[in-house]
Amino acid sequence: MLQIDTWKRVVIWAVCALGILLALPNGFYGRVETANDARAAIEAGATADGLQEQADMWPGFLPSSLVNLGLDLRGGAHLLVEVQLSDVYETRVKGMWPEVLALLRTERGRIGTFRLQQGAPDELRIRLNEKPDMVDEAATIVRSLARPVASISGAGSSDIEVTTEGADVVIRLSQAEQLASDERTMAQSLEIIRRRIDEVGTREPTIQRQGDDRILIQVPGLGSAAELKAIIGTTAQLTFQPVVTRTDNAQMPPGAGNEIVPSVDQPGQYYILEQAAVVTGEDLVDAQPSFDQNGRPAVSFRFDPTGARRFGDYTAENIGSPFAIVLDNEVISAPVIQSHIPGGSGIITGNFTVEESTNLAVLLRAGALPADLNFLEERTIGPELGADSIEAGKIACIVAGIAVLVFMVASYGLFGVFANIALVINVALIFGLLSAIGATLTLPGIAGIVLTIGMAVDANVLVFERIREELKTARGPARAIELGYEKAMSAIVDANITTFITAVILYVMGSGPVRGFAITLGFGIVTSVFTAIFVTRLLVAVWFQRRRPKTLEV
Amino acid sequence: MRLRLVPQSTNFNFFGRSWLWLGISGAMVVVAFVSFLLQGLNFGIDFRGGTTIRTESAQAIDIATYRGAVGSLGLGDITITEVFDPSFGPDKNVAMIRIQAQDGQEAVTPEVIAAVEAALAQAVPDIRFVSVESVGPKVSGELIQTAVIAVVLAIGAVLVYIWMRFEWQFALGAVLALVHDVVLTIGIFSELQIRFDLAIIAALLTIVGYSLNDTVVVFDRVRENLRKYKQMPLREVLNLSINETLSRTMMTSVTTLIALIALLVLGGDVIRGFVFAMTWGVIVGTYSSIFVASMILLRLGVKRDWSKPDNNSGNQYANIDA
């Protein structure tokens, strides 16, 4: 047992050296961070003065991955949002009206007159006024609009479900289409949020999908959650809608298929608009801040080919009627269409400042969020609180470490020194592992490390106590050490596996800081077992072979 | 000269008053339950929704001023507490303000936070808002659910593991000891009305892990001694095993406590509740692995016929179906 193969020794030392090497950058956190940032900037093509010097602050041949500091240590903003997935169903179903209208018009001879009813938000309800008994006929006609669902799981089913209720034809999205739509909405929301946050350009934001309809956003270094909400929460829903009439009565019933929308720069002025938009922000390919012919700030935009065609067709057919440009449920302006606008580009004017027009262009370019967001959780942690926590954690770690080191030497003498060397390597290995996988260190994570410092000695204690016991039966020190390791093994393994099980469950079930704690605890268990049964044993073996003591005091 | 927490060989009779110990534990569990039923827990916003604002100011904190500023906003139940920590200087006065979740609000309302901040800034000019956290009632409900599931799952998984490695009596003894520790920890949080938030759940699970660690080490020795002394009565085997492992139990508990106490004193107030839970858990866990798990094992009895030949005692750790 005290004979350890050379290759094993090499592997053990190599693992320790690797761990220490990987942990090293964390000892020079600020310096390495500056160097990493500078390198990233140089790679991105920046050529500011002093950038190269900054990059050279940390030698390139050394590892440079750092432990990420969690929000509670670095400060920043945290948001958990819920995407209102069913919003999209409504937009989709209501948006079908012009298409349905056009189709049914051609069949008016057979089905008589019909009218759009005010139904539930996720349905389109059409009542046959003249010939209610033709309702099945009408449903069959509408069904011809169904398209196959564009997703793997929904393959073979169609996107809408057409049913009849009395004299009503009811159109809803099919189950398969709803699922497909949910997936698309989430993917789109994630992408848009990511792009908006990237425009702000902060370091290492976390944007993660959680569960079916949630997104977790963490942005270190941001002033407050309110700021973060302002960045992502502005929906910038741009639509171009036909104007039915204008009014100054906010209570005026808009009528089926229409909606009432306030004007942005004329208080008390309202527009009644057709609910189905001709073109929306989704059809935009580009938006830029610019100026109109009077030199006032404006936003110019361009549509994609489908949008351009629809826009062109509409303007050709409706010369002389007003057309509302609606942003986030407010009419920005409602110009009268002067001529056919082909080519699909245009300009939005309004009472913008230069800054507003720039922001609007950014928002339009990033695209509108497909659905509203509900804020479920928001946290702002000030950077000073984070710095205080790090400072306190650091001091606590050092004091705890020294106290344990002293205690171990007092209790086990030379063997305590071996255990201490293993303990220091253990902490280095934890940091090395955390850096290597880019894990996030949180405040409970620091507590996990401190706890590990306390518990890491446990495996060594088990062995040392066992050696003491075996020494009593007096079969010589070498045999006692051997038996000590052998017999303590089952207790070490069982005890650590059970603790590891709880760490895994914490990781799977937990979130945020709890998860950070689970990671450090889990790593701590693995590294403490490794250091106790390999590193300490190797140290003992080396010492024993050199000295060959006749008696042993543990 | 070595520091010895426990004499080299001990022969305490741990089972002489086994009913007394079980009685004490039972009584403490009952007290914890009663406290939980009567007072409940001081749930943080993680579990019941709402907002906490941590403020800092150079002026000494006058809770009445704070209350006066915020109270007029009509936000329902508001708790204002001053936070003390040895690391704070004289010009660092920290307060925590907790606002309950507003009725009928699914999500967090930024207007409420803004109103509170404005009102406080009016009353205390140099106030700074170091952290602001809000959790909507929807999420907090789910968090409770997840937390309970996590604790139950952890205990269940451990039950199965020990059952596989030992016998069902061991598993039951260990799990009852765990439940004892968890109940007592929740009990002290209820009794002292310390804020109970998500991190405390992490502490609870760590306690589960730690207490188990201790129990398993004792049980491992019991298993070994049961094989070694086939004729010895169970009570004596248990007593011997506890005595033999006592030195290790104390060493590990003390080193862990040293580290935890350092953190408790110096680690700052943000995680004090969390560290307190762990410190308490280590003490209770050490006690329970000796006085609860083993006592229960004694009452349940153990199958003594280890029919499997003990041919691989050298590497029992590989003998999963033992």
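1. A residue counts as buried if 20 or more other C-beta atoms lie within 10 Å of its own. On that criterion, buried residues account for 43% of the 554 in chain A. Keep in mind while reading that this is a predicted model.

2. Next, the overall dimensions of chain A. Its radius of gyration comes out at 34 Å, whereas a compact globule of 554 residues would be near 24 Å.

3. On secondary structure, I get 17 helices and 19 strands for chain A. As for how the chain connects with itself, take the contacts between residues at least 6 apart in sequence: 69% of them join residues at least 24 apart.

4. One sheet in chain A deserves a look. Four strands make it up, in the order E3-E4-E6-E5, and the sheet is open with antiparallel pairing. Strand E3 (114-117) and strand E5 (160-165) of chain A sit at the edges, each pairing on one side only. From one strand to the next, the twist averages 25°.

5. Within that sheet, strand E4 (residues 123-128) and strand E6 (residues 168-173) of chain A are joined by five bridges, running antiparallel. If you want a residue pair to start from, Glu123(A) has Arg172(A) in E6(A) as its bridge partner. Helix H5 (residues 85-94) of chain A packs on the sheet and touches both E4 and E6 of chain A. The direction of that helix makes about 135° with that of E6(A).

6. Now the interface. Here 64 residues of chain A are in contact with 63 residues of chain B. On the chain B side, at least two residues each come from strand E5 (128-135), helix H5 (137-165), helix H7 (198-228), helix H8 (234-266) and helix H9 (272-300). By residue class, the side of chain B that touches chain A has 37 nonpolar, 17 polar and nine charged residues.

7. Strand E18 (residues 373-381) of chain A pairs with E5(B) in the antiparallel sense, over five bridges. Which residue of E5(B) is the bridge partner of Ile381(A)? That would be Ser131(B).

Note on methods. Residues numbered from 1 in each chain as written. Chains lettered and ligands numbered in written order. Predicted model: local features only at pLDDT ≥ 70, side-chain atom pairs only at ≥ 80, totals over all residues. Rg over C-alpha atoms; globule rule 2.2 N^0.38 Å. Buried ≥ 20, exposed ≤ 12 C-beta atoms within 10 Å, placed from the backbone. Contact = placed C-beta atoms within 7 Å. Nonpolar A, V, L, I, M, F, W, Y, C, P; charged D, E, K, R; others polar. Pairing = 2+ DSSP bridges. Axes fitted to C-alpha atoms, helices over the stretch in contact; angles between N-to-C directions.
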